[in-house]
Structures are given as structure tokens and as C-alpha cells.
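Hi everyone, thanks for coming.

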Amino acid sequence: MTITTSAGDIDRRLLMDRSVAGRKAFTLPESDVPAQKLPDSSFLRDDVELPEVSQLEVIRYFSVLSQLNFSIDTNFYPLGSCTMKYNPKINDELANLPGLADIHPLQPDETVQGAIRLLKNLQDDLGEITGLVGVSLAPLAGAQGEYAGLLVARAYHESQNDSARTVAIVPDSAHGTNPASAAMAGLEVVTVRSDDQGNVDVENLRELANESTAVFMLTIPSTLGLFEPNILEINKIVHDAGGLVYADGANLNALLGLVKLGDLGVDICHSNLHKTFSTPHGGGGPGSGPVMVTDELAKFLPKPVAMKTDAGYVMATPEMSIGAINGFHGSFSIAARAYAYIKTLGLEGLQSVSENAIISANYIQAKLRDKYNIAADRYCMHETVLSATKQKKRGVAGLDIAKRLLDFGIHAPTMYFPMIIDEALMVEPTESESKETLDHFIAVMRQIDDEIDSSPELILEAPHDLPVTRLDEATAARKPVLRWTAESNFLSS
Amino acid sequence: MASSATSGGNTSTNHPYIPSTDLDRQEMLGVIGVDSLDGLLGDIPIEHRHPGLNLDAGLAEQELSTLFRSIAAENASSSSGYISFLGAGSYSHYVPSTVRSILQRGEFVTAYTPYQPEAAQGTLQVGFEFQTVICQLTGMEVANAGMYDGPTAFAEACLMASRVTKRTRIGVLSSADSRLPDTLLAYSKHQGNEIIVITPDATEIPDDLACIGIQSPNFFGEIEDVERLTKLAHDNGALSVVHVNPVALGMFKAPGEFDVDIVTAEGQPLGVPMAFGGPYVGLFACKKAHIRQMPGRIIGRTTDTKGRTGYALTLQTREQHIRRQRATSNICTSTQLIGLMVTVYAATLGKQGIKDLANLCYQKAHYAASEIGNLNGFSVNPISPGGTFFHEFVVKCPGSPSKINASLLNKKIIGGLDISDRYENGMLVCVTETSSKDDIDKFVKALSEIGASA
């Protein structure tokens with residue numbers, strides 16, 4: 001167990017609180033060039049107040065802090081829609097190889113043929129997996145991939161002299177980045193309802209799709225963990241209205257080898273390499289959100305795109321590119337990890353990923369449905385959304401259950417999302433977890449439900465044994481303390 | 001090696017990343033109440049199910065390692081004996097062992113966004129330390145927990161200035177790296193913003209600008225008069241947005257001393273490998289007065305029910321998961337892991353190290369500039385002779401920089417960036433602490449020989 005049970009023993013002093021004048025953790029080499037004239041002193045600053053600590057103190061400080069975290073390496077982490085699967089260690093090792101980690105993004109193409117070949121191969125594999133063959137790896141996160149996809153849609157409509165298309169239709173179950181990206185792309189967001197089965201309300205969509213529709217944004221499988229059964233009809237409605245279909249591929253982990261988005265009529269999608277393709281979540285990034293489009297739309301992709309030519313591999317700008325959405329070529333070393341993942345799983349392995357992810361989620365759902373309401377009570381894909389409404393009536397909210405899970409060393413599911421489900425707890429076990437782990441989770445969830453009647457305070461005051469109990473987030477927002485200052489040093493206050 | 005689809009049955013691949021056995025699967029399917037996986041896929045149109053993928057069979061770890069080593073061997077880098085003088089937004093710096101070591105902690109690497117703060121105090125406290133480091137470096141009051149990269153941070157800063165001033169026209173200095181206005185354009189093109197180019201010597205600006213976006217050191221390596229330009233912005237009701245190099249802040253005055261409103265930077269120079277362009281982290285700091293318009297994640301200090309100190313995400317009502325289309329940005333990450341690298345780097349270098357590092361870069365770059373400036377046919381910093389620069393400078397070459405670079409490459413030297421699109425026969429040269437005097441002398445000698453034959 002990595003969680004320290006005696007919270008009072010944890011030294012929470014910040015680095016600046018530990019700083020002692022004269023200590024150092026690092027020595028730079030002496031200059032080996034003749035001394036140069038410094039600029040006029042009017043340009044120069046006083047010292048930067050960074051910590052003065054020994055090298056051991058740096059290592060111990062950050063090592064101890066790391067132990068205050070839950071992580072995939074140490075805990076079951078069924079955070080829905082985040083696909084917290086095993087992050088293979090070999091991928092980290094390979095991405096850091098000399099020749100990959102130490103190349104400059106502006107080196108001439110002929111000096112980075114291996115790197116560009118890797119990117120091209122990954123583009124091809126992602127195109128094959130999604131059935132959308134135009135691929136740019138430039139987006140630095142899912143939200144950027146989504147934004148890039150919307151810019152592609154806008155550029156396409158403009159190229160058709162159809163610039164009056166200014167509406168993005170977004171389901172009410174969508175992730176928050178969907179409407180936020182649409183707004184950034186200058187699109188008006190119109191919400192389409194979900195029906196009582198958790199599907200897109202097709203009749204409502206039919207009413208909304210018209211000559212102003214630029215794009216319909218569909219998360220597939222949906223944030224309810226469901227595959228949209230009417231997808232072919234939906235895509236036809238959107239296409240008949242002249243709009244494009246954008247698929248949010250956050251949940252692609254359910255589809256590998258089972259269905260290709262392009263075959264279903266999807267025009268644009270993004271994928272999160274840090275979800276489906278196992279690259280580390282890093283405590284909140286870096287991500288990578290490649291954007292995939294039909295062959296017809298490939299000329300609008302953000303630059304750069306890796307290409308193979310007679311003269312070798314090159315980083316190229318598509319003919320009618322929407323331009324650069326960030327500094328260089330995207331998250332190269334994340335792409336390298338994803339490529340390693342695809343290469344080691346291979347065809348059968350990737351199919352097995354989705355199959356096992358789906359079976360595991362349905363197993364949890366089947367084992368908990370007598371205790372917890374299921375948001376949409378039918379077979380799910382890779383995640384199941386529980387609704388703690390029965391528990392809420394007995395005095396315990398979804399939040400409390402989430403906090404109580406932490407006491408058992410299990411990370412909480414995604415809470416209160418999607419927003420259309422009351423007391424939502426979105427559980428995504430992933431294919432990485434063994435049946436024994438799933439059984440343990442199921443037993444804990446059932447026990448928590450029992451505790452509501454036997455000892456509710458255990459749930460309402462949870463977590464009990466973590467470095468902190470529940471935090472006063474209201475005061476944090478009302479009186480923000482966002483950095484160390486000599487005055488805010490809490491030990492001296 | 002390509003193979004076709006399985007015919008709808010369950011593949012029983014045993015892979016090290018997938019623990020379920022055939023028996024496990026059969027038991028679970030039995031509990032679910034279906035015979036096979038296909039019983040769970042009824043919502044997927046049957047004619048599109050199991051399409052077959054044209055992918056190779058999986059490699060064992062050892063084979064994968066061999067493949068990657070062959071890919072890496074096709075690239076030229078310092079590890080294969082090349083020396084490089086490229087900068088322009090990505091910089092070669094030594095990464096201390098402490099950074100690499102802490103980056104091995106799976107508890108940091110494999111956690112996610114700290115939505116459950118009780119189970120993420122490590123990530124959160126590091127983020128708070130990161131915000132502190134960025135404030136200390138820039139001299140600003142508040143910082144967020146990180147953006148995607150430098151150019152996206154700059155673009156978001158200009159859009160934030162637009163929200164604060166309720167003005168749509170954004171001024172950007174002509175001396176900035178084109179990656180900054182290019183990214184800004186991609187971020188703003190559908191939001192009704194217009195980008196206006198301002199020259200660094202401007203004494204007047206339009207009175208309806210949201211901000212002046214300044215890069216200092218600028219694309220050509222020179223320090224801009226941030227104080228004067230900031231005053232010019234403020235006199236016209238605009239904000240000043242300054243994009244800095246964080247290593248330069250080890251010696252040059254911090255933007256906070258000049259009343260700058262928003263500071264952004266590429267965080268890569270602070271302990272992050274160049275890695276062919278990413279992932280990096282964007283640094284973002286501003287005045288406290290503007291904090292509720294700031295994009296990105298912010299971590300704040302608070303207390304738990306027992307009065308103990310703890311950290312949590314805060315001011316989340318700015319963000320997309322709460323405010324949806326009315327959020328300050330669609331950003332959904334803080335590039336936390338790269339922020340960790342920056343934080344460990346800053347802690348490792350400390351007060352003395354950051355100063356020594358800046359000085360070492362300055363000394364070596366100025367030595368290189370003076371040596372190149374002495375060569376026949378070459379001149380240094382022709383754009384503003386006598387200007388102050390940090391570790392990058394423009395060399396006016398006697399001929400095409402791309403041809404010179406091709407000749408340099410034969411000598412295993414990756415020359416400076418060809419910027420002849422911005423300055424005739426211009427090459428942007430960067431020298432950091434990773435170049436030895438021998439490397440610099442070799443470069444100068446090669447330029448001399450190539451220049452003589454150009």
C-alpha cells in the first residue's frame with residue numbers, strides 16, 4: 001500500500017519552507033569560453049527566489065509526495081470515460097531512447113527519417129482502426145483534436161461556398177469540451193435531447209438538422225457507455241441536411257476491430273492516445289488527440305502531416321490546411337508510446353482489448369444492478385453508468401459513495417457525469433483489470449450499500465484514512481491562495 | 001502479415017496487458033447472460049461489425065525494443081555524434097538526473113486529473129509548487145497549472161486580453177516568432193478577432209487594441225523594450241502580453257517588474273527533452289485582478305474537515321466541464337506531468353543554478369557570436385546592431401543558409417535555422433550550456449571554410 005495511514009506524520013511544508021541559504025542540489029559546469037561582457041545592469045534582475053535544498057531533499061520531497069496519490073500503478077482506477085488502463089513501462093522506455101528524445105523539431109527532414117516514419121506509420125494505423133484515412137497527429141489533447149475537427153468542418157463548408165452553416169448540434173449527454181470547442185470555433189451550440197433509452201432522440205435531431213447545420217457532434221460510444229443503435233439513420237439525417245458528422249472518440253477503447261467509424265458515415269473523429277492507446281495520463285496531461293477525417297477532408301487537416309514521398313519521409317502541410325494549432329508537430333513522444341502499444345498488441349491484441357473491456361463493464365453492471373440503478377438498463381459497451389438515486393433516498397449521495405470507495409483503495413468512478421443522469425457514477429474497468437479485481441470492486445460497492453443502513457457515518461465522513469479528509473473547496477474558491485509566499489507560509493501563520 | 005477479421009467469436013489472445021483467461025471470460029459472460037461477446041454488440045449495425053483490420057500481428061517486448069532502436073538510429077542527434085545550433089522555440093539543455101528519476105514515479109505518471117483531491121494530494125501539491133515557481137520566475141502574482149505549449153499559451157493569453165478589455169483587435173509585434181500569431185490565428189479565427197502587426201519601435205498604436213503581444217527575447221534573440229511597450233499599451237487601454245524564455249529570466253528582468261498583465265512562455269527549456277517538438281508545457285501567469293478570466297486548471301490551498309492543509313482544483317466555474325460553451329477555454333488538461341518535470345528542474349537548479357545556467361548560455365552564445373562576427377562575409381545581429389541578446393542571434397550569411405546548412409551537415413553539424421524568409425540570408429543560431437567551446441569552434445571553423453567557397 002502506498003497510502004500513508006498516519007496522516008499527521010506527513011510533512012506538508014513546501015520547498016520554499018524547506019529552503020536554507022547556501023544549499024544546492026546541482027552544479028553547473030564552469031564556463032569554458034573567454035568571459036563575455038554582460039549587458040547593462042538596467043537589463044539585469046536580482047536573484048530568482050527558488051528553493052535552496054540538497055539533492056536528497058529534492059528526491060525525498062517528490063518521492064513522498066508521489067505516495068499521496070492514487071494511480072493506476074497502485075490502485076484500481078475505474079474513472080469512467082478516462083480509460084485508466086495499464087500504461088506499459090516499455091513504452092516510456094522506448095520513447096526516451098536517444099535518437100527520439102533528443103531530436104529538435106526543426107531539424108531537416110533528412111536527419112529525422114526514423115521519427116517521421118514512426119509518425120506516418122501511426123497515422124496509417126489510426127486511419128485503419130477508425131476507417132478515416134486522413135490523419136494529423138498535431139493536436140496536443142482531445143479537446144484540441146476536437147477543435148481541429150471543427151475547424152476542418154468549417155473549412156470544408158467554406159470551400160463549398162456554404163458559410164451560412166454556423167450551428168453545432170450537440171447531445172445533452174456530451175462532454176463539456178464539445179460545446180466549449182464548438183463555441184471556440186464560432187459555432188452556435190444547439191442541444192439535441194436524449195431519449196429515455198439514453199439514445200439520441202432521432203425525431204428531435206430531425207427537427208434541428210437544417211441548412212444552418214455545420215456539424216453534429218456525437219460521442220460514440222456515448223457518455224452513457226452505449227453504442228448509438230440509430231447511428232446510420234442519424235448520420236443520414238445530418239448528411240441529408242448538408243452537415244458533417246463529428247465523432248468524439250474518447251471512448252474508442254470499445255470499438256477496436258469491432259466497428260470502424262468511417263464505415264458508419266462518420267466524417268471526422270478524434271482519438272485520445274492517453275486513453276485507448278495507453279499513454280500515461282500524467283496526473284492531467286500531456287495528452288494527444290489525433291484528428292482523423294475522410295479522404296475528401298484530408299486536405300484541410302492541421303499541419304503538419306507526415307508523408308512518404310519518393311525522396312523519403314517529410315513533414316508536410318496539407319493543401320488547404322486549417323493551419324497550425326500549436327507550436328510544432330504535436331506530442332511526438334506520446335505518439336511514439338501509442339505506436340509501441342499498437343505494435344505490441346497487433347491485430348488480435350487490439351480486438352481483444354475492446355472485447356475484454358466490454359465484457360468487464362457488463363459483468364460489473366450485471367453484478368450491481370440489484371443494488372444500484374443503471375442509467376440505461378441494457379448491455380453497455382466499455383463502461384456502465386450507475387445512478388445512486390436509491391442510495392440518495394436513503395441519505396447517501398453519489399459523492400459520498402465515491403469518497404467511501406477511496407477508503408478501500410479504489411479510485412472513485414467519474415461522478416455526476418453525464419449531467420443528464422442523477423447521482424451518476426460512471427464506471428470503466430478497462431481490459432487491464434483481472435476478474436479478481438472486478439469481484440473485489442463489486443463486493444465493496446455492495447458493502448457500501450449495506451453500510452448506508454448499518455453505519456452511514458462511515459460513508460458520509462469518508463474518506464477516513466487518506467492524507468486529508470474532505471476539503472473546504474468553497475473557501476478555496478472564495479479566498480484563493482494559489483502560490484507560496486513568505487506571508488502565506490502556513491507554519492508561521 | 002496482415003490478416004482479416006475474426007468471424008465474431010471471442011478472440012482468446014493471451015497478452016501480458018490483458019489478464020482475463022478464456023475461463024474468466026466464460027464465467028463473466030455467463031453472469032451477464034449471453035453466450036458470446038456478440039450478444040453484447042447488438043446495437044452495432046451487423047453489416048459493419050467485425051470489419052477486419054489490416055494490421056500486423058503483435059510483437060513481443062524484445063522485438064518491439066529492436067524495432068524502436070532501429071527507428072531511433074535513423075535520426076541524427078547528439079547521441080549519434082551531431083552537434084546542433086537550433087533553437088527557435090525548442091532548446092537543448094541538460095536534464096538533471098533528479099528530473100529523470102522522479103519521472104519514473106508511477107504514482108505521478110499514471111494518475112489522472114485530481115478530481116478526487118483526497119486521493120491526489122501529491123499531484124496537487126506539485127501543481128501548487130509549479131504555480132509558485134512560475135510566479136517567482138516571472139515576477140507575476142498568479143499562475144495556472146500549465147497549458148499545452150508556449151504558442152497555445154500565448155494565443156490563450158491574447159484571447160483572455162480580449163475578454164478582459166472587451167476588445168477584439170489583437171496587436172502582435174512583428175519581431176515575434178510566426179508560430180505565435182499563427183497559433184493565435186487558429187485559435188481566434190472564428191471568434192471575430194483580428195490580428196494587427198505592430199513594429200517594435202512603434203510609438204503609437206490604435207486605441208482599440210485588446211493587447212500588444214510581445215516576445216522577449218524576440219524571435220531574433222533580442223531583448224525588447226517591454227517597459228516602454230507595456231506603457232504604450234496601458235496608455236491606450238490595452239493589456240500587455242509578454243512571451244518570455246524562462247531560462248533568460250535567470251538573468252534578465254522579470255516582466256512583473258514592468259507592470260506586464262499576462263506572461264506566457266514555452267516551458268520546455270526547464271528540464272524537458274526536445275523530443276521532436278513535444279509534449280511540452282505552456283507557462284501562463286497574470287495579475288491577480290484578471291484571475292477569473294484565466295484559462296486552464298488552477299490549484300489552490302485549503303483545509304480539510306480536521307483543519308489540516310490540503311490542495312484542490314479551484315475556480316472551476318471558469319472551466320468547460322462546468323460552464324460548457326461559456327467557458328474561458330476548451331482546455332481540459334494542465335499538461336501536469338511536464339509541469340512536474342519543470343518543478344523538479346526548478347527545485348534542482350535552485351536559486352544559484354538558474355542564475356548560473358542563464359549566465360552560461362549567455363557567455364557561450366556571445367562567444368560564438370563574436371567569433372562568427374569576425375569571419376569574412378558573415379555579420380551578426382544585422383537587424384539591430386548593438387542590441388542586447390540572450391542565447392540566440394541572427395547571422396547574415398554570405399549565401400543561402402540552406403546551402404550552408406547542407407554543407408555543415410556533411411560535417412555532422414546541424415546549423416542554425418534558415419530564416420531567409422524573414423531576413424535575407426539570415427540564419428538564427430542558438431547556443432546553450434550543452435555546446436562546449438570545442439563544439440562552437442568547430443562550427444565557426446566550418447562556417448569559415450564554407451563561407452570562403454560560397
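A quick word on the ground rules. This is a predicted model, in which local features need pLDDT of at least 70 and side-chain atom pairs count only at pLDDT 80 or more, while totals for chains, interfaces and linings use all residues. Residues are numbered from 1 along each chain as its sequence is written, and chains are lettered from A and ligands numbered from 1 in the order in which they are written.

So, chain B. The C-alpha atoms of chain B fill a box of roughly 80 × 55 × 45 Å along the principal axes. Its secondary structure comes to 12 helices and 15 strands; here helices (H or I, at least four residues) and strands (E, at least two) are DSSP runs, numbered from the N terminus. Of the 454 residues in chain B, 61% are buried. A residue is called buried if 20 or more other C-beta atoms lie within 10 Å of its own, exposed if 12 or fewer, and partly exposed in between, with C-beta atoms placed from the backbone.

How much of the contact in chain B links residues 24 or more positions apart? Among contacts with a separation of 6 or more, such pairs account for 73%. Contact means that the C-beta atoms of two residues, placed from the backbone, lie within 7 Å.

Now find the open sheet of seven strands in chain B, in the order 2-8-7-6-5-3-4, with mixed pairing. Two strands pair if DSSP finds at least two bridges between them. At the edges are strand 2 (142–143) and strand 4 (194–198) of chain B, each pairing on one side only. Strand 4 of chain B runs parallel to strand 3 (residues 169–173) of chain B, with five bridges between them, and Val172(B) stands opposite Val197(B) there.

Helices pack on this sheet. Helix 6 (residues 150–165) of chain B touches strands 3, 5, 6, 7 and 8 of chain B, and its direction makes about 165 degrees with that of strand 7 of chain B. Helix 7 (residues 179–188) of chain B lies across strands 3, 4, 5 and 6 of chain B, at about 165 degrees to strand 3 of chain B. For these angles, axes are lines fitted to C-alpha atoms, for helices over the stretch in contact, and angles run from 0 to 180 degrees between N-to-C directions.

Let's move to chain A. Is strand 2 (residues 167–171) of chain A buried or exposed? Five of its five residues are buried, so strand 2 of chain A is largely enclosed by the rest of the structure.

Strand 2 of chain A is joined to strand 3 (residues 188–192) of chain A by five bridges, and the two run parallel. Pro171(A) stands opposite Val192(A) in strand 3 of chain A. Between these strands the chain passes through helix 6 (residues 177–184) of chain A, and this β-α-β crossover is right-handed: with the strands pointing away from the viewer, the path from the first strand over the helix to the second runs clockwise. Strand 2 of chain A also pairs in the parallel sense with strand 4 (residues 213–219) of chain A, over three bridges, where Val167(A) has Thr213(A) as its bridge partner.

Helix 6 of chain A is mostly covered too, with eight of its eight residues buried. Its buried residues pack against several elements, including helix 5 (142–159) of chain A and helix 9 (320–323) of chain B. Just after helix 6 of chain A, Gly186(A) takes a positive phi of about 75 degrees.

That brings us to where the chains meet. In total, 169 residues of chain B are in contact with 167 residues of chain A. Helix 10 (residues 336–373) of chain B gives the largest share of chain B's side, 22 residues.
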